[in-house]
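Reader: I would like a close look at one part of this model, the place where its ligands sit. Please take me through it step by step.

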Amino acid sequence: KLDGRGTFRFFEPAMDARMQARRRLELDMRQALARREFQLHYQPQLNLADERLVGCEALIRWHHPERGLVSPIDFIPLAEEIGLIVPIGEWVIRQACRDAASWPQPLSVAVNVSPAQFKSDRLVETIMSALSQAGLPPSRLEIEITEGVLLQDNEKTLQTLHRMRSLGVRVSMDDFGTGYSSLSYLRAFPFDKIKIDRSFVTDICAEKDPGTKADGEAIIRAIAGLGRSLGMTTVAEGVETPEQLRRIRAEGCTDVQGYLISKPLAADDLLSLLSAPVPGARHE
Ligand code: C2E
Ligand code: MG
Ligand code: MG
Ligand code: MG
């Protein structure tokens, strides 16, 4: 209003429409759990040394009755803002543990946990209860966090991470390399796994100019080396082409995840893939 009436009136209708859309999404999201509109898809991760699937990442899907499929990118941030991520995240953890309990023995499940979930006091208790109800060994659960979680940089966050670790649950650093101080996070907490952000993998592609491509490769090589030195698994995210897979293998990453191996699959489709004689790794 201080900018003068003219400016304000000009922006008002658009702002109003945005606020209304947001409020609508919020109302719908509050009912989505009870209406069972959420579903988990699972994307396999492949170990390059023995060409075996080692685990799957759980990725939430929202089947909205009118809008159809809503991407997590479009509702997770709002869910965080209004605190709904806590009950939604709890559902994710319980469902992921239940599903993983029916997978062949060594296969683990990775669950994304957001900053707001870390602030809530019941995260570790939820994990413990989900594991025991599903009968899933803690070593088969992996928690993925992004730098947003560590940005809060308080004692409590580290304490929560250490509590998870002492349960036997593994902890991964997601989207590595995109933050402002990714390296210092590796010092703050001993992660089990580093997930190299898809943007670096995307740079390794025939259409990119040679400079960009070489930079992407150099960064991946450096992160893979770092992982080796620190005793952490390194997963390249978003691998889509055989060329990317070849380069990533050469640069020394231990694992890959991406459409080339498999898109995220509904639980039933994953079970079919798992019982198929040859894993989807033979694209090379
Ligand atoms: P993320 O944890 O980094 O997950 C990887 C994203 O990359 C997924 O997107 C996946 O479908 C996509 N992806 C995997 N391979 C490829 C590929 O080869 N090419 C391309 N173009 N994309 C690939 P999705 O499922 O849309 O999820 C987006 C983000 O939403 C996730 O990023 C994560 O941050 C968040 N998210 C998803 N599920 C959950 C959840 O249950 N809880 C929380 N807190 N966040 C979630
Ligand atoms: Mg993730
Ligand atoms: Mg990621
Ligand atoms: Mg991401």
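Which residue has a side-chain N or O atom 2.9 Å from an oxygen atom of ligand 1?

Author: That residue is R61. First, some ground rules. This is a predicted model, where local features need pLDDT of at least 70 and side-chain atom pairs count only at pLDDT 80 or more, while totals for chains, interfaces and linings use all residues. Residues are numbered from 1 along each chain as its sequence is written, chains are lettered from A and ligands numbered from 1 in the order in which they are written, and side-chain values use heavy atoms, with hydrogens and water left out.

Back to ligand 1. A polar contact here is a pair of N or O atoms within 3.5 Å. An N or O atom in the side chain of E237 is 3.4 Å from an oxygen of ligand 1. Taken alone, ligand 1 exposes 800 Å², and the protein buries 84% of that (Shrake-Rupley method, 1.4 Å probe).

Now the shell. It holds 23 residues, with R61, N112, D174, E240 and Y259 the closest (a residue counts if one of its heavy atoms lies within 4 Å). Nine are nonpolar, six polar and eight charged. Strand β2 (52-64) gives the most, four residues. Strands are DSSP runs of E, at least two residues; helices are runs of H or I, at least four.

Next come the metals. Donors are N, O and S atoms within 2.8 Å of the metal (3.2 Å for Na, K and Ca); water is not among the atoms, so sites may look incomplete. Ligand 2 is a magnesium ion. Its protein donors are E57 (OE), N112 (OD1), E144 (OE) and D174 (OD), at 2.0 to 2.2 Å. Among them, E57 in β2 and E144 in β5 (residues 141-145) are 87 residues apart, and the pair links distant parts of the chain.

Ligand 3 is also a magnesium ion.

Methods
Polar contact = N/O pair within 3.5 Å; in protein donor to acceptor, adjacent residues only side chain to side chain. Nonpolar A, V, L, I, M, F, W, Y, C, P; charged D, E, K, R; others polar.
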